[in-house]
Each structure stands twice: as C-alpha cells, then as structure tokens.
Amino acid sequence: MAAAAAEAAAGGGPGSQPAAQRRLRILSGHLRGSPASRAPEAERLLSPSQCRAGGAAERPVASTIPKKRQEILKWNGWGYNDSKFIFNKKGQAEFTGKRYRLSGMVLPVLKEWMEKSLGASLEHKITSRAFLNTSEVPPSIVNEEFLQDLRATKISYSQEAEDRVFRAHGHCLHEIFVLREGMFKRIPDIVVWPGCHDDVVKIVELACKHNLCIIPFGGGTSVSSALECPADERRTIVSLDTSQMNRILWIDEKNLTAHIEAGIIGQDLERQLGESGYCTGHEPDSMEFSSLGGWVATRASGMKKNIYGNIEDLVVHIKMVTPRGVIEKSCQVPRMSTGPDIHHFIMGSEGTLGVVTEVTIKIRPIPEYQKYGSVVFPNFDRGVACLREIAKQRCAPASIRLVDNAQFQFGHALKPQVASIFTSFLDGLKKFYITKFKGFDPNELCVATLLFEGDREKVLQHEKQVYDIAAKFGGLAAGEDNGQRGYMLTFVIAYLRGYRPLQECKGKNSERMQRKRCPVCSVFHLQGDTDLRCRCMCLFLFCL
C-alpha cells in the first residue's frame with residue numbers, strides 16, 4: 001500500500017520515487033505507534049498507569065469481573081449472583097443485593113402487573129436446574145500435541161467444566177433456557193487466557209498448526225448466538241477469553257485518544273479513565289459486563305450516542321490477529337482518504353475474521369455537569385412527533401428515549417415502595433394532575449427520559465430548548481427523578497429473565513401459540529417460535 005502511494009505521489013518518474021518514499025517514511029514515523037515514539041515531550045501524554053504488553057508474565061489490571069467468572073456471576077442467567085428478583089415472606093416482589101439503586105427495595109406493584117400482563121401465577125410451579133451438574137457437561141477433547149505446545153507458551157488455560165460452560169453461550173433467551181433445562185450438545189473444549197497481543201498471536205498460530213477452531217470471548221453478553229458451538233464440529237474448539245488483556249496502554253492528552261487492550265470491560269474502562277479525568281461516553285446497556293473488543297466486534301451503540309457517537313465514531317485504530325497475520329492500519333489518525341476502510345470490515349464481524357487485541361479510541365474530559373429529566377405525553381404519536389422535531393432542530397440531549405404505554409406500565413411496576421406518607425401523597429397529587437386536570441389517559445400516555453451532559457450553562461440552555469419543544473406537542477415535564485430511574489432501570493430489567501413468575505408464565509402458556517407483545521421492546525412475538533426470538537435486553541421467557 002505504501003509503495004503504491006509513493007509511486008502516485010512521485011508523479012511516475014523513476015528518479016523521484018526514492019524521495020517520495022522517504023517522505024512517506026518520515027510521515028509514517030510521526031503517525032505510527034504510541035505517543036512516546038513520536039516526540040520527547042510525549043512522556044507527559046502518558047497516563048501514570050502506562051504499561052507495555054510484554055508477554056504472559058505481565059499481570060493484568062484487577063478487574064471487577066474475576067478470571068473465574070463463576071465466583072460472582074450467575075452460571076445460568078444474567079448478572080451478579082447476589083442480584084435477583086425474589087418474593088419475600090410477605091409475597092411481595094423484591095430486588096436483592098446492594099449494587100443497584102433498586103437493590104434491597106420492595107416492588108409492591110410488580111406481582112399484580114405480571115398477573116395482569118403476562119398471566120403469571122404463584123400457584124403454577126416449575127423447577128429449573130439450580131446448579132451446574134458437571135457430569136452432564138460434554139467432555140473436553142483436546143489434541144495432546146496442542147496442549148504441549150500451549151504449555152510451552154506459559155499462557156494460562158483451563159479444561160474445567162465450569163470454565164467451559166460459562167464461555168459456551170451468550171445471553172439469547174434460548175441459550176439461557178438450555179442452561180436451565182438441559183445442556184448444550186457442544187461447548188468449548190478448552191479456555192485460554194492470553195495476557196497481551198503477542199499471546200493471541202501465539203494462540204492463533206497454534207490453532208492453525210493443529211487445525212483448531214477459535215471463538216473469541218469478551219464479556220459474554222452476546223445476543224446474536226455468536227458464542228454457540230456447532231453441534232457437528234469435530235475439531236477442538238478453543239474459547240479465547242480476552243479478560244486478562246485489560247490495560248490502558250497510553251493516553252494522549254493532546255489528541256484526546258487512548259490506546260487500550262480489547263479485553264477491558266466497560267465499567268473498568270470508565271473507572272480507569274475517570275482517574276485521569278476522562279471518559280469515552282460509550283454506555284451500551286451491557287456496559288457492566290461487555291468488553292471494548294466486544295463493542296468493536298458487534299458494532300455497538302451506546303445510550304449517549306447523540307453526543308459521543310457509536311463505537312464506529314469513537315474508534316481511531318484497531319489491531320486484530322487473524323490466521324493470515326496481524327491486520328492494522330499503518331497510522332493512527334481519525335480518518336484516511338485512501339481506499340476502503342478496513343475498520344468497517346472488522347467492526348460487526350462478531351469474531352469471525354479474527355481476534356481484536358488493541359483499540360485506540362477517542363476520549364473526552366469528564367463532563368462538568370449532568371442532569372436527568374423526563375417528559376410525559378398524552379399519547380405515543382405526540383411523543384414521536386416531538387422527537388422528530390428535536391432531531392430536526394439537532395438539539396437532542398446525550399440520551400433521549402421514548403417509551404410507549406406498555407413500557408410505561410412496566411416501568412411503573414418496577415417502582416419501589418415509597419418511604420413516607422408525604423411522598424405517597426405527592427405521587428398521588430402528580431397522578432391526579434396529569435390524569436384528571438390535564439386529561440391524560442393512563443392507558444395511552446407515554447414518557448420520554450432525558451439525560452443532559454456538558455458545561456452547566458449550556459446544559460441548562462439545552463434543557464430549556466428541549467422542554468419548550470415538548471410543550472408544543474402537549475408534553476409535561478415529569479421530573480428529574482423519573483428520568484434517572486428510567487435510565488438506571490436499563491441495567492436491571494435483564495435480571496427479570498431469572499424471576500420465577502416469568503419462568504412459570506412460560507411453562508403455563510407454552511401450549512398457547514399466540515402472538516404476544518414484549519412489554520419492554522414492544523415487538524410482537526409468536527410464543528414457541530424460535531425464529532422470532534426477542535433480541536432486546538429483556539429477553540422474556542414467554543418470547544421463546
């Protein structure tokens with residue numbers, strides 16, 4: 001590529017080619033690699049936590065999610081072991097744990113909502129597998145010569161049943177259902193934990209040498225069946241877990257970019273960048289558990305994309321290991337005008353082309369001010385019209401989400417018990433004002449949740465502009481607390497898949513082959529039709 005560019009720049013004359021090539025080499029030297037290789041003063045661009053990938057002996061940064069994921073995560077469901085929906089002794093729904101805003105709170109309306117909307121019943125009981133029976137796990141079949149070569153690299157690996165099952169699936173509904181009711185016919189034979197880019201190169205080379213399959217594993221939050229092993233695959237399947245590749249290699253404060261290993265998960269990335277005063281602003285629904293490499297491989301979108309963009313807007317440089325070698329651009333700049341962009345082949349490839357090992361992304365200073373908000377509309381059509389006008393005027397806040405009435409009712413069912421009579425009185429007064437005084441129909445109204453970020457003065461101006469537009473479409477300001485609740489519920493609703501009444505609902509209604517709307521994504525699904533599985537983060541059991 002460089003030679004072709006040099007020839008074009010030289011104007012075609014043989015004598016001018018060396019000069020053009022020399023200029024390209026100088027330019028490439030300025031652009032290639034880390035900031036430390038470009039200028040003496042670049043040392044102050046690096047973060048204190050700088051480290052160079054130097055082999056498996058280097059230790060990764062401590063992660064929120066341990067190497068042995070089963071220590072804190074559910075083996076057959078979403079999220080942390082200590083966080084789940086239960087019925088307490090009084091028969092009321094409750095969300096356990098201490099990790100979320102909803103944790104430890106009673107949800108007095110949820111049971112009634114489930115009985116009314118889903119037909120769930122506490123009297124109907126089904127039993128799912130509570131523990132992993134390792135004797136039912138398919139045996140590990142690994143070439144002994146491969147194991148000998150792998151041991152020589154000193155790269156960590158495991159053939160234990162729990163490690164293999166944890167990396168045999170994502171979080172599609174049918175995958176979780178198989179875990180609860182049976183076992184996969186085929187799972188990875190071995191799990192390997194590379195510590196850096198060079199380790200991945202060694203693993204891929206060994207896989208080519210011994211004719212093995214590799215399935216890259218980041219955070220395990222896939223909802224595209226990308227982690228499932230083909231039942232008829234006879235070759236050894238290697239799950240390449242990137243979780244130990246979780247370091248920020250450098251931060252360039254002048255150009256506001258950071259070079260990061262692909263295995264870092266979202267919450268760790270934001271925390272480590274935050275220690276230096278920066279953020280990515282990329283917050284997919286799964287950011288607690290998903291990895292940077294996974295965001296690239298799935299072409300992820302974030303809740304605050306209106307300001308920060310999707311992952312394709314943040315990526316500056318990608319390094320990927322393939323069976324044919326390492327693929328990366330020859331320089332680290334936001335945009336190049338030469339030929340097809342190789343990044344667009346990599347993003348969204350779901351691990352089919354290679355293993356993403358390092359990514360350079362754009363970063364920003366942590367916003368000075370953050371404010372939540374919400375607007376209630378008399379009906380969904382008015383809400384849609386308002387959002388169109390906001391888009392037309394290009395004044396969308398960092399996050400804006402419109403939920404229809406079914407989703408609104410669902411959110412209301414997750415509202416915790418009020419702490420005082422006064423709070424209860426205020427809630428009743430608000431409801432009276434909206435439904436009686438303003439005439440909103442409780443079965444028609446919808447809500448938009450908002451999040452504003454940036455300079456305080458600009459945020460307040462932006463907020464006023466959005467609310468003024470909403471008022472023209474009959475929207476009423478519904479408060480900051482409701483906006484924050486709506487935003488934070490995003491991280492909780494996936495836990496509902498493990499909630500007993502929803503499992504019972506599936507068992508009770510399995511013979512009713514009728515279309516039913518998912519109350520979270522509002523898409524109609526045919527019960528029992530696995531080709532119409534719900535792809536939203538709720539993944540309710542009745543959508544199977």
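Author: Residues are numbered from 1 along each chain as its sequence is written, and side-chain values use heavy atoms, with hydrogens and water left out. Because the model is predicted, local features need pLDDT of at least 70 and side-chain atom pairs count only at pLDDT 80 or more, while totals for chains, interfaces and linings use all residues.

Reader: What is the average pLDDT of the chain, and which elements have the lowest and highest means?

Author: pLDDT is the predictor's confidence in each residue, from 0 to 100. The chain averages 81, and 75% of the residues score at least 70. Helices (H or I, at least four residues) and strands (E, at least two) are DSSP runs, numbered from the N terminus.

Reader: Where does pLDDT stay under 50?

Author: One such stretch is residues 34–57, for which the model has 53 contacts beyond four places in sequence. Another is residues 504–544, where the model has 112 contacts beyond near neighbours in sequence. Contact means heavy atoms within 4.5 Å.

Reader: Why is Ala-93 called buried?

Author: Buried means under 20% relative accessible area, exposed over 50%, and partly exposed in between, with a 1.4 Å probe and protein chains only. Ala-93 has a relative accessible area of 1%, so Ala-93 is buried. Ala-93 lies in strand β2, and its C-alpha is 6.4 Å from that of Leu-110, 17 residues away in sequence.

Reader: What makes β1 and β2 a pair?

Author: Two strands pair if DSSP finds at least two bridges between them. Three bridges join β1 to strand β2 (residues 93–95), and the two run antiparallel. Phe-87 stands opposite Ala-93 in β2. The open sheet has three strands in the order β1-β2-β3, with antiparallel pairing.

Reader: Why are β1 and β3 called edge strands?

Author: β1 (85–87) and β3 (105–107) each pair on one side only.

Reader: Why is His-210 counted as buried?

Author: The relative accessibility of His-210 is 12%, so His-210 counts as buried. His-210 is found in helix α7 (residues 197–210). Leaving out residues up to four places away in sequence, His-210 touches Asn-143, Glu-145, Phe-146 and Asp-149.

Reader: What makes a set of residues a nonpolar core?

Author: The members are buried Ala, Val, Leu, Ile, Met, Phe, Trp, Tyr and Cys residues joined through side-chain atoms within 4.5 Å. The largest such core has 43 residues, and Phe-85, Tyr-100 and Phe-289 are among those with the most contacts inside it. Elements that each supply at least two residues of this core include β2, α3 (110–117) and α17. A second, separate core of 23 residues includes Ile-248, Ile-251, Leu-292 and Ala-300.

Reader: Why is Lys-154 called exposed, and what is its phi?

Author: Lys-154 has 73% relative accessibility, so Lys-154 counts as exposed. Lys-154 is found in the loop between α4 (144–153) and β4 (156–158). Its phi is positive, about 65°, although Lys-154 is not a glycine. Most residues other than glycine have a negative phi.

Reader: Why is Arg-299 called partly exposed?

Author: The relative accessible area of Arg-299 is 35%, so Arg-299 is partly exposed. Arg-299 sits in the loop between α9 (292–298) and α10 (305–308), and its phi is near 50°, a positive value in a residue other than glycine.
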